[in-house]
Amino acid sequence: MTETVLSALTEGVLRLTLNRPEKLNSFNEEMHLALRAGLQRAHDDLGVRAVLLTGSGRGFCAGQDLGDRDPRKGGPAPDLGQTLDAFYNPTLRLIRTLEKPVICAVNGVAAGAGANIAFACDIVLAAKSARFIQAFSKIGLVPDAGGTWSLSRALGEPRAKALAMTAEPLTAEKAADWGLIWKAIDDETLMPEAEALAASLAAGPTLGLGLTKCLIQQAATNSLDAQLDLERDCQRQAGRSADYAEGVTAFLEKRKPEFRGQ
Ligand code: T3D
């Protein structure tokens with residue numbers, strides 16, 4: 001049977017590839033569980049120092065597999081709150097709480113929850129041909145997978161509401177111009193660039209990078225006072241790491257640091 005998420009660990013980079021290309025990598029239960037297992041491994045395995053999430057084929061992810069929601073099959077309406085609790089929300093939480101960088105290489109269309117999972121990642125690169133679509137309003141749903149949270153924070157209410165209500169496709173270049181993603185990249189250089197970025201972060205000071213991620217995420221809700229205290233606490237922790245000692249030593253010795261993620 002074909003694996004719905006391909007998983008490969010190379011020199012600290014755990015590459016997770018959504019792999020239902022004939023359905024534009026839309027989510028069925030199996031793919032949900034496989035992605036979650038990959039992200040859980042990233043949490044648990046010290047050998048994983050960065051994650052690279054992408055999709056196979058011409059799409060990144062088209063959100064929920066609507067074939068699994070076919071009302072023509074009859075029966076009561078599905079409890080979509082329950083499916084968010086059971087599937088999408090744990091995945092979002094695993095991405096946001098992972099104290100390691102998560103890079104997303106959006107190789108093609110990202111729609112519905114597929115777009116919002118990309119926006120939850122730490123650094124998002126997208127092929128110039130990719131589009132982001134808040135497809136939910138086309139089928140009578142609301143944005144989920146953290147979409148209302150990410151869009152309104154990154155773009156403010158006017159753009160967030162317009163994207164969500166119109167489901168107008170947003171090009172990768174505009175998403176980058178608007179600050180919703182890091183970069184739009186020529187299609188043929190997307191994967192080499194994403195791999196190089198992931199490799200460089202995986203060779204970085206993992207503890208410091210993880211703490212940086214937590215700090216920036218907390219800043220959205222903290223007061224300046226609380227954030228200053230948190231920076232102090234995190235800096236104390238980073239300052240005790242072997243990677244900090246190595247970074248300073250390497251600087252003084254005018255050589256490249258060899259971080260071990262400790
Ligand atoms: O249900 C819950 O648990 C609640 C959570 C919901 C989360 C959500 O994500 S809701 C939103 C679901 N997603 C969508 O509404 C997007 C549906 N897809 C599209 O609008 C379009 O496919 C795209 C704009 C993404 C891409 O368009 P295009 O023209 O490039 O491709 P296409 O021809 O529409 O799709 C190619 C194939 O993928 C096609 O299959 P076929 O005809 O070749 O056999 C299409 O049916 C299939 N596909 C695309 N998206 C989905 C899908 N099959 C099942 N579910 C999909 N979401």
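Modeller: Happy to, and keep in mind that this is a predicted model. Let's start with helix α4: the cover over its buried residues includes α3 (113-120) and α5 (157-166).

Colleague: Which residues of α4 are buried?

Modeller: In α4, which spans residues 147-155, the buried ones are G147, S150, L151 and L155. Looking down the axis of α4, these buried residues fall within an arc of 95°, so they line one face of the helix.

Colleague: Why would residues three or four places apart point the same way?

Modeller: An α-helix has 3.6 residues a turn, so residues with that spacing point the same way.

Colleague: Nice. What comes just after α4?

Modeller: That's G156, which has a positive phi of about 85°.

Colleague: Changing topic: which residues make the nonpolar surface patch of about 470 Å²?

Modeller: Y244, V248, F251 and L252 make that patch.

Colleague: And where is Y244?

Modeller: Y244 is in helix α10, residues 242-252. Its relative accessibility is 48%, so Y244 counts as partly exposed; the exposed class needs over 50%.

Colleague: One more, T17. Is T17 buried or exposed?

Modeller: Buried: T17 has 10% relative accessibility, and the cut-off for buried is under 20%. T17 sits in strand β2, residues 13-18.

Colleague: What is T17 in contact with, leaving aside neighbours within four places in sequence?

Modeller: With those set aside, T17 is in contact with T4, V5 and L6, and also with T54, G55 and S56.

Note on methods:
Residues are numbered from 1 along each chain as its sequence is written. This is a predicted model: local features need pLDDT of at least 70, side-chain atom pairs count only at pLDDT 80 or more; totals for chains, interfaces and linings use all residues. Side-chain values use heavy atoms; hydrogens and water are left out. Buried means under 20% relative accessible area, exposed over 50%, partly exposed in between (1.4 Å probe, protein chains only). Helices (H or I, at least four residues) and strands (E, at least two) are DSSP runs, numbered from the N terminus. The arc is that of the directions from the helix axis to the C-beta atoms. Contact means heavy atoms within 4.5 Å. Patches are made of residues with over 30% relative accessible area and no salt bridge: like charges are joined within 9 Å, nonpolar side chains (Val, Leu, Ile, Met, Phe, Trp, Tyr) within 5 Å. Accessible areas come from the Shrake-Rupley method with a 1.4 Å probe; for residues, only the protein chains shown count as cover. A salt bridge is a side-chain nitrogen of Lys or Arg within 4 Å of a carboxyl oxygen of Asp or Glu.
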